[in-house]
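Here's a quick tour for anyone opening this structure for the first time. Have a look at the sequence and the fold, then read on.

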Amino acid sequence: MTWTPDVTVTVIVYNDAERLPRAVASLRRQTHENIEIVISDDHSTDDTPSVARRLAAQDDRITYLRLPENSGGCSAPRNRALDIARAPYLMFLDSDDELPERAVELLLAAHREREVDFAMGAVERVRVDTGRTSTWMPHLVAEHRTVEGIEVEPALLFEHLSTSKMYRREFLDRNDLRFPEGIHYEDQLFSAQAYCLAKSFTVIPDPVYRWYIAPYEAAESASISNQRHKLTNVRDRIHVQRLIDAFLQTSGHEGIKEAKDYKFLKHDFRMYAGDLPFRDEEWLTGFADLVNPYLAELSPGAYARLPRAERVVLQLIRDNRLADARLAARGLGHGVAPRETSMDAEGRVYWGAYVPESERSRAELDLTDQGLDSRPFPSAQFRHEITRVDRGPGATVVLTIRTYDPGLRLPVGPQVATLLLAPGHRRMKTPFRLDPVRPGVFEGTAHLDLTAAPLPLNGFEGTRHPVLQLTSGTLRNTSLLLAPLTFPTLRARIDYRGGALPHEVTVEPEGRASGRLQLRWTPVGVTAKVVRPLAHRAGRKAGARVRGVVRLVASVAR
């Protein structure tokens, strides 16, 4: 008698012998057991074939499929598995990810509750470097519902993962829907097509996919999505967007193009924008050459939906003001002011040193409604930049800091500022003076004494980034502090007093995101291996006598 599984789950793999068993194990743990598991190998050259065959020998639900040659992408191994899949419902899993135990059960229940073309659920993101978890696009999967066509909720285009969904086989076959081969970002095109072709689909709020994110992998081993440093990556994204645009036109779904354009600007372009400060002039020029023709094709309404800071970066790229774009990009998401602004005869305020010439540029770079000169002081926008990092006496770091105040919110004369840092349970405050250089610009020197950090008894292992605080009467403004993108790393061993363990402290550029000053604490010596675990247990028990013993052991260990 021929076995008919309820669901076929395809695991695609290429040179991932180490993580493949974890992915397959997550399928074997599914609460709904009547599933077929197809391991589709894109012609791996490592130990993947032997690992896959061993897994297949352990469970007769597993089939191992090996492609005769490497395709270089995800589409071919998925499509070849579709050719042999026996179940009426289909799912896909990447070898470096997992399915939560109830994923198949929950999505299959959604299909059986009501006939739909596919069902989708929440994606749990796990940061490999920190272990922190979050939900991918949580607002899109917050409630259980059936959507009668993508026109009802075009914002769902943001959830473009093919792996968070269970598809009805008949739906894919009827529409001849397969993964496009020979391109990257195939999920975006496949998902856009699935959304448009589906008459209805169900969304459930339960987690159905566990996505492991390694954002700072070595550049060459990183996933396609994390290879944004390559201009070919930019070219691939734009190529897929144009394929989606063509599909929307030919399939009669032009009505959602503005929503799709907004998704590209808010998600795809935004990822590149955050990297701009760390790119050299040659890369920036190549990037602008690639994206500007496509940016000119997008709906004006899509731009209008963006926050002003993102519109500024986009327009600076479109105007080929690439050095300015790098400056503007450093403040994305943090309310960082420009270094300077300009004003036209009508009193309108613009980003940068001069009033833009074109009407479009004036519209996009107009900061008048940002209230740089009028918003409440706690939310006022300044720009604080460390211009120089030097080693001082002992474990002191000397920071030369420049503050830009384009809204002229600070009174004339010297200002008292404070660096805030909290590697322990209490804030470390370092006051210093900012002196006026010219209207709207102040400069000062802060001496950050790392021995003064109030570390907890069991020490501290991790990173912190100082922020800068200004005051106006009883009001405080706490803002991001930017650092030079490159400077020589400083290290110091510090023997803290008051019971805390010896640490090595590293002062370095953040190297990503906005480019803050990064301080990294690492416990060192015998106490890091022996005393710190003891102190941690003592802290949990909250026993004063035990903590006293730990202090004694720590002092002896020194």
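Helices (H or I, at least four residues) and strands (E, at least two) are DSSP runs, numbered from the N terminus. This is a predicted model, where local features need pLDDT of at least 70, side-chain atom pairs count only at pLDDT 80 or more, and totals for chains, interfaces and linings use all residues. Residues are numbered from 1 along each chain as its sequence is written, and side-chain values use heavy atoms, with hydrogens and water left out.

**The largest cavity**

- A cavity here is a set of points, on a 1 Å grid over the protein atoms alone, where a 1.4 Å probe fits but cannot get out; a residue lines it if it has an atom within 4 Å of a point.
- Searching the whole structure turns up 2 cavities of 30 Å³ or more, and the largest has a volume of about 90 Å³. Volume means the space filled by probe spheres set on the points, with grid points joined across faces, edges and corners.
- Helix 6 (186-197), helix 7 (231-250) and helix 8 (257-275) each bring at least two residues to the lining of the largest cavity. Helix 6 gives the most, with 4 residues.
- Among the lining residues of the largest cavity are L157, H160, Y195, Q241 and K260.
- That lining splits into 4 nonpolar, 4 polar and 2 charged residues. For these classes, Ala, Val, Leu, Ile, Met, Phe, Trp, Tyr, Cys and Pro count as nonpolar, Asp, Glu, Lys and Arg as charged, and the others, Gly among them, as polar.

**The second largest cavity**

- About 60 Å³ of space sits in the second largest cavity.
- Strand 13, strand 21 (490-495) and strand 22 (502-509) each supply at least two of its lining residues, and strand 21 has the largest share, 3 residues.
- The lining of the second largest cavity includes R391, T396, L450, R491 and V507. By class it has 7 nonpolar, 2 polar and 2 charged residues.

- An open sheet with mixed pairing lines up its 8 strands in the order 19-18-14-15-16-13-12-20. Its edge strands, each pairing on one side only, are strand 19 (475-479) and strand 20 (481-482).
- Two strands pair if DSSP finds at least two bridges between them. Strand 12 (residues 383-391) and strand 20 run parallel, joined by 2 bridges, and H384 has L481 of strand 20 as its bridge partner.

**I401, in strand 13**

- I401 belongs to strand 13 (residues 396-404). It counts as buried because its relative accessibility is 0%; buried means under 20% relative accessible area, exposed over 50%, and partly exposed in between (1.4 Å probe, protein chains only).
- I401 and G444 are 43 residues apart in sequence, yet 5.4 Å apart in space, C-alpha to C-alpha.
- Leaving aside neighbours within four places in sequence, the residues in contact with I401 (heavy atoms within 4.5 Å) include E385, L419, F432, G444 and L481.

**Q518, in strand 23**

- Q518 lies in strand 23 (residues 517-523), and its 8% relative accessibility is why it counts as buried.
- The Q518 side chain makes a polar contact of 3.1 Å with the side chain of H465 and one of 2.9 Å with the side chain of E508.
- A polar contact is a pair of N or O atoms within 3.5 Å; within protein, one must be able to donate a hydrogen and the other to accept it, and residues adjacent in sequence count only if both atoms are side-chain atoms.

Conventions:
On a 1 Å grid over the protein atoms alone, a cavity is a set of points where a 1.4 Å probe fits but cannot get out, and a pocket is an open set with protein on both sides within 12 Å along at least five of seven lines; lining residues have an atom within 4 Å of a point.
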